[in-house]
Amino acid sequence: MRVVIVTESFPPDVNGVAHCALQTARHLVDRGHAPVVVAPAPAPGNKPDADAPCPVVHVPSLPLPGYPQVRVALPSRRLAATLIEHRADVVHLASPFVLGVRGMAAAARLGTPAVAVYQTDLAGYARTYMGAGEAAAWRRIRSVHGAADLTLAPSSAALLDLETHGVPRVELWPRGVDTERFRPDRRDEALRRELAPNGELIVGYVGRLAPEKQVELLAGACGLEGVRVVIVGDGPSRPGLEQALPGAVFLGRRTGDDLARVFASFDVFAHTGPFETFCQTVQEAMASGLPVVAPAAGGPLDLVAHGHTGLLVPPRDATAVRDAVRALAADPALRTAFGAAGRAMVEGRTWAAVGDQLIGHYANVLAARRTAVAA
């Protein structure tokens with residue numbers, strides 16, 4: 001198949017959309033298909049990913065006001081030209097919002113089937129950043145995804161949200177995890193001594209530092225005796241979080257094997273954001289053999305088996321986060337059991353397995369189009 005992946009983000013960006021688009025392109029190449037990626041151009045000074053497995057077409061972009069780490073694509077003829085030149089069989093729209101909307105329109109004009117991958121809780125972001133606008137966000141989601149031949153939701157909670165708000169033709173497509181990179185034996189005792197010189201229990205968070213992630217909910221954990229909170233990631237909330245989380249260690253952005261080493265060196269992984277449609281870092285923590293504390297909302301509901309691989313807590317509840325961390329800190333045997341169960345749970349969730357599922361969805365869409373034309 002000839003596939004054009006239209007994505008709102010791609011490496012060198014570090015986020016779930018970029019990572020999933022990269023893994024999708026890699027898997028398509030591995031299976032003998034021919035993908036091309038269309039993405040916003042990275043910020044000046046940021047070099048495109050040299051390890052991209054296929055051609056990448058960059059369209060002009062500008063930083064999102066107030067959040068310069070996010071690039072927004074500008075109108076460009078390159079998108080439609082790429083669909084035509086590549087003779088796309090399928091257009092894959094990764095978290096369509098700006099560039100993806102144009103990709104959907106171009107696919108419709110050309111009569112090319114489109115598969116839209118829902119990855120970002122726009123309605124939750126509207127509540128976080130504007131205090132309103134949730135209804136408008138869902139109207140946009142319905143408009144974009146309703147035009148697709150198929151929408152793929154990453155979790156059962158996301159699928160239910162989409163169906164409840166009137167999005168048609170939705171199926172489940174989860175995310176894979178690199179269990180070779182993220183594994184318990186990457187634990188680094190020298191790094192642990194650097195992060196927690198007095199032998200503290202290390203509670204880690206990995207992700208963007210932005211308002212919707214609500215990382216400030218870890219403040220209570222920072223106050224626990226014998227606990228060291230370690231924050232990995234960057235974003236506009238970092239200066240405020242450095243004030244709100246006394247004693248926490250901020251490592252900035254980490255990637256690749258370095259990130260895997262940091263993950264495996266934690267004792268507990270804590271995620272705080274209530275708007276995750278999937279939450280890839282929870283899977284990476286589980287692959288690293290860590291017990292997980294996460295909100296009982298969105299993607300973590302599918303990933304964390306409460307009382308078996310970790311603890312689910314009420315969303316936006318700092319006291320519950322603190323108490324869950326305290327319970328795990330007090331019980332090394334429970335931490336070990338949760339971590340081992342989490343690793344076992346994700347071992348079959350490889351990118352190859354979920355990539356093959358995606359190719360199956362493409363094939364079904366193409367078959368449905370052929371049937372419709374024949375009728």
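These are my notebook entries on a predicted protein model.

**Ground rules.** I number residues from 1 along each chain as its sequence is written, and I leave hydrogens and water out, since side-chain values use heavy atoms. In this predicted model, local features need pLDDT of at least 70 and side-chain atom pairs count only at pLDDT 80 or more, while totals for chains, interfaces and linings use all residues.

**Entry 1: the whole protein.** I looked up the helices and strands, which are DSSP runs numbered from the N terminus (helices are H or I, at least four residues; strands are E, at least two). The protein has 15 helices and 15 strands. Its radius of gyration, taken over C-alpha atoms, is 21 Å. The globule rule (2.2 Å times the number of residues to the power 0.38) gives 21 Å for 375 residues, so the protein is as compact as a globular protein of that length. I noted that the C-alpha trace spans about 65 × 40 × 40 Å along its principal axes.

Next I checked burial. Buried means under 20% relative accessible area, exposed means over 50%, and partly exposed is in between (1.4 Å probe, protein chains only). Of the 375 residues, 52% count as buried. I also looked at contacts (heavy atoms within 4.5 Å). Among contacts with a separation of 6 or more, 65% come from residues 24 or more positions apart.

**Entry 2: helix H15.** H15 covers residues 351-374. The expected span of a helix is 1.5 Å times one less than its number of residues. The buried residues I listed in H15 include Trp-351, Gly-355, Leu-358, Ile-359 and Tyr-362.

**Entry 3: H1 against H15.** At what angle do H1 and H15 pack? H1 (residues 16-30) packs on H15 at about 80°, with the axes 10 Å apart. Axes are lines fitted to C-alpha atoms, for helices over the stretch in contact, and angles run from 0 to 180 degrees between N-to-C directions. Roughly perpendicular covers 65 to 115 degrees, and H1 and H15 are therefore roughly perpendicular to each other. From H1, the residues that meet H15 include His-19, Gln-23 and His-27. On the H15 side, the partners include Trp-351, Asp-356 and Tyr-362.

**Entry 4: single residues.** Thr-82 is in helix H2 (residues 78-86). Is Thr-82 buried or exposed? Thr-82 is buried, at a relative accessible area of 7%. Leaving out residues up to four places away in sequence, Thr-82 touches Val-4, Val-36, Val-38 and Val-57.

Ser-156 lies in helix H6 (residues 156-164). Ser-156 is partly exposed, at 39%. Ser-156 and Gly-298 are 142 residues apart in sequence, yet 8.1 Å apart in space, C-alpha to C-alpha.

Pro-246 sits in the loop between helix H9 (238-244) and strand S12 (249-252). Pro-246 is exposed, with a relative accessible area of 54%. The C-alpha atoms of Pro-246 and Val-144 are separated by 43 Å, and the two residues are 102 apart along the chain.

**Entry 5: backbone details.** I found a cis peptide bond from Pro-11 to Pro-12, with omega near 25°. Pro-12 is in the loop between strand S1 (2-7) and H1. Arg-169 is not a glycine, but has a positive phi of about 55°. Arg-169 is partly exposed, at 43% relative accessibility. Gln-214 also has a positive phi, near 50°. Gln-214 is buried, with a relative accessible area of 12%.

Conventions
Angles under 35 degrees count as roughly parallel, over 145 as roughly antiparallel, 65 to 115 as roughly perpendicular and the rest as oblique.
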